[in-house]
Amino acid sequence: MSCKLIFSWVQRQAKMFFFCIMLFVAHLKRTLVLSLILSEEKVTVYFINRDGRKITTSSAKGDSLLDLVVEQNLDIEGFGACEGTLACSTCHVILDQKVYNQLGPITDEENDMLDLAFGLTDTSRLGCQVCLSRDLEGITVRVPDRVNDMRRSDDTGPTL
Amino acid sequence: MGKLPRPESVDIYERLPVPFGLVRFGVAPDHPEVKNVINTFTQTAQHARCSFHGNVRVGKDVTVEELQEAYHAVVLSYGAEGNRTMGVPGEDLAGVYSAKDFVGWYNGLPRNSELRPDLSCETAVILGQGNVALDVARILLSPVDILKKTDITQHALDALAESSVRRVLIVGRRGPLQVACTIKELREMVNLPGTRPEMEASEFEGIAETLKSLARPRKRLTELLLKAAIETPGEEELERRNRAERAWGFRFLRKPLEVLPSTDLIRAAGIRLAVNRLEGDGEGVRAVATGEVEDVECGLVISSIGYKSLLIDPAVPFDARKAIIPNTMGRVQQTAGLYCSGWVKRGPTGVIATTMNDSFDTARTLLQDIGKGTLDVSTVKPGSQGVSALLEKRGVKPVSFSDWEKIDSEETRRGEIKGKPREKMLDVGEMLQVARA
């Protein structure tokens with residue numbers, strides 16, 4: 001599920017145009033040009049991994065947090081098993097209250113899968129549904145400890 | 001995995017020529033996104049230090065002891081291929097199936113290819129209210145136009161197209177607050193085109209009052225259940241329900257006593273249910289018989305009351321009561337170098353992510369044991385070369401991962417012709433033929 005808006009097609013065309021220019025100018029002024037054009041696009045995100053370690057990373061506007069983890073090949077065990085199709089809860093992340101409030105309403109489908117997430121909080125989201133925008137520059141995203149099924153594993157014993 | 005030791009090689013032995021187990025044979029055909037994990041599994045299998053050996057029956061073609069001689073560590077993660085039986089008279093009548101077999105039938109498990117379930121009756125009763133029960137109900141009632149675009153097997157599709165089943169009851173021993181299914185699956189039933197919910201309001205007495213004390217997942221699930229079961233629908237929904245030709249519903253506090261036979265005593269014609277009441281509350285709620293009994297007319301009975309692990313090899317410790325391999329954090333008791341993970345370790349519940357995490361746990365335990373020296377890896381072991389020699393002597397020819405990829409391509413090709421993601425092969429002989437081509 002992509003959250004790229006319709007006018008991002010225009011942005012992509014513009015990007016491609018700029019990219020072609022870049023290739024030419026890069027010849028002459030490589031580093032400076034690249035950072036000038038691309039710095040506007042990137043959003044910096046800090047992940048706190050399950051072991052408490054902080055990972056600093058950045059990715060293009062419009063990418064979801066899952067896209068970011070995949071693109072940057074971050075070492076987060078078992079993240080995004082269903083590849084962003086709302087069929088699991090392995091990309092469960094915890095956000096700051098302010099950031100959580102900034103984001104749009106959550107669909108039933110996302111809430112249904114969040115219900116299965118271990119350690120669900122009031123500021124939990126599925127990473128595959130959180131798309132990066134300039135407003136989210138510099139946010140901290142916490143990856144909680146382990147996913148789990150909401151049903152207890154000892155609920156299967158024969159009773160009656 | 002950070003600073004844990006890295007094994008030289010990890011070999012996977014699988015009985016069938018095809019990998020992925022329940023992801024291929026258990027996940028419903030209309031849940032293709034759930035199967036995306038296959039991509040992760042494929043990456044792992046294609047890793048230079050990993051190799052897949054299909055068509056090898058551990059316990060028959062090679063024993064667990066022989067594997068232990070060949071490898072420093074053996075991990076048993078063979079799941080639960082048996083099922084809990086109802087243990088009632090009439091369970092062997094025609095028209096009575098375990099959900100395991102019914103699911104295996106529509107998902108192309110070779111051993112269930114000849115099931116030929118009789119779908120000529122109007123009412124089907126499913127015992128159990130977990131996600132598997134809901135999958136079965138949904139497949140029985142889904143419009144064929146939806147199913148025909150999935151990887152459901154052709155023979156199941158044909159049978160469902162001719163099916164007379166119009167009403168499915170999903171029966172559980174306890175109450176609405178104890179349903180084991182999750183909300184995604186319930187929502188799919190509520191939204192299933194051409195169907196309407198039909199439930200008894202009396203079975204939901206007192207439930208609405210409990211909502212505020214429930215944890216979020218149970219609360220949302222119960223809210224949706226109440227909405228479907230007893231809330232007066234809006235005009236649009238009312239019209240939709242009136243047009244619906246198929247119905248489904250939960251029935252609570254009912255336990256099977258007997259499957260009632262037809263007059264010719266060959267097939268199921270009904271089911272006799274004991275009526276329960278609940279005692280206790282919270283996690284300690286128990287169902288207790290009231291003495292009352294109820295008969296429901298039906299021609300199809302599917303018991304979905306749980307899978308069960310089986311013994312793979314007499315040399316492996318097995319707890320027959322719990323139907324799991326006795327273990328501590330994945331280390332099989334009393335047997336050095338033997339580990340277990342997944343359903344055979346914890347019992348047959350949990351979604352893919354649960355089992356995946358459990359496997360990570362076992363792997364971590366194993367690697368820590370190597371790191372600490374409790375698992376001795378100093379001796380040289382023959383690994384797959386040792387096992388291959390034994391298999392060759394016994395006339396067993398393993399299927400490699402790239403052999404599987406030939407089967408995969410062929411199934412995909414056959415599916416494409418019909419507008420399906422794949423058409424699964426149902427016969428092991430055919431799989432082997434394609435694998436060796």
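**Figure 1. Chain A from end to end.** Starting at the N terminus, the elements of chain A follow the order α-β-β-α-β-α-α-β-β. That makes 4 helices and 5 strands in chain A; here helices (H or I, at least four residues) and strands (E, at least two) are DSSP runs, numbered from the N terminus. This is a predicted model, in which local features need pLDDT of at least 70, side-chain atom pairs count only at pLDDT 80 or more, and totals for chains, interfaces and linings use all residues. Residues are numbered from 1 along each chain as its sequence is written, chains are lettered from A and ligands numbered from 1 in the order in which they are written, and side-chain values use heavy atoms, with hydrogens and water left out. Of the 160 residues in chain A, 38% count as buried (buried means under 20% relative accessible area, exposed over 50%, and partly exposed in between, with a 1.4 Å probe and protein chains only). Take the contacts (heavy atoms within 4.5 Å) in chain A between residues at least 6 apart in sequence: 63% of them join residues at least 24 apart.

**Figure 2. Two residues with a positive phi.** Let's visit two loops, one in each chain. Glu83(A) is not a glycine, yet its phi is positive, near 60 degrees. You will find Glu83(A) in the loop between α2 (65-71) and β3 (92-94) of chain A. With 38% relative accessibility, Glu83(A) counts as partly exposed. In chain B, look for Asn55(B), another residue other than glycine with a positive phi, near 65 degrees. Asn55(B) sits in the loop between β2 (50-53) and α3 (64-70) of chain B. Its relative accessible area is 16%, so Asn55(B) is buried.

**Figure 3. Inside the largest nonpolar core.** A nonpolar core is a set of buried Ala, Val, Leu, Ile, Met, Phe, Trp, Tyr and Cys residues joined through side-chain atoms within 4.5 Å. The largest one has 47 residues, and Leu140(B) and Phe250(B) touch the most other members. Helix α5 (residues 131-141) of chain B gives the most to this core, with 7 residues. Which residues is Phe250(B) in contact with, leaving aside its neighbours within four places in sequence? They are Gln129(B), Leu134(B), Ile170(B), Val179(B), Cys181(B), Leu186(B), Met199(B), Glu203(B) and Leu225(B). A second, separate core has 28 residues, including Leu65(A), Leu68(A), Leu95(A) and Leu103(A).

Figure 4. The size of an interface is often given as the accessible area lost when the parts come together. Between chain A and chain B, about 3000 Å² is buried, and carbon and sulfur atoms give 49% of it; this buried area is the accessible area (1.4 Å probe) that two parts lose on being put together, summed over both. Chain A brings 31 residues to the contact and chain B brings 37 residues. There are 10 residue pairs in polar contact between chain A and chain B (both at pLDDT 80 or more). A polar contact is a pair of N or O atoms within 3.5 Å; within protein, one must be able to donate a hydrogen and the other to accept it, and residues adjacent in sequence count only if both atoms are side-chain atoms.

**Figure 5. Salt bridges across the two chains.** A salt bridge is a side-chain nitrogen of Lys or Arg within 4 Å of a carboxyl oxygen of Asp or Glu. How many salt bridges are there between chain A and chain B? The count is 7. One of the salt bridges in the model joins the side chains of Arg187(B) and Asp108(A) (3.3 Å, N to O). Both residues belong to a network of salt bridges that links Asp108(A), Asp112(A), Asp115(A), Arg187(B), Arg216(B) and Arg220(B).

**Figure 6. Salt bridges within chain B.** Over all chains, the structure holds 44 salt bridges. The side chains of Lys184(B) and Glu188(B) form a salt bridge (3.7 Å, N to O). These two residues are 4 apart in helix α8 (residues 183-190) of chain B, so about one helical turn separates Lys184(B) and Glu188(B). Lys184(B) counts as buried, at 17% relative accessibility, while Glu188(B) counts as partly exposed, at 22%. Glu423(B) and Lys418(B) also meet through their side chains in a salt bridge (3.0 Å, N to O). Here Glu423(B) is buried, with a relative accessible area of 8%, and Lys418(B) is partly exposed, with 42%.
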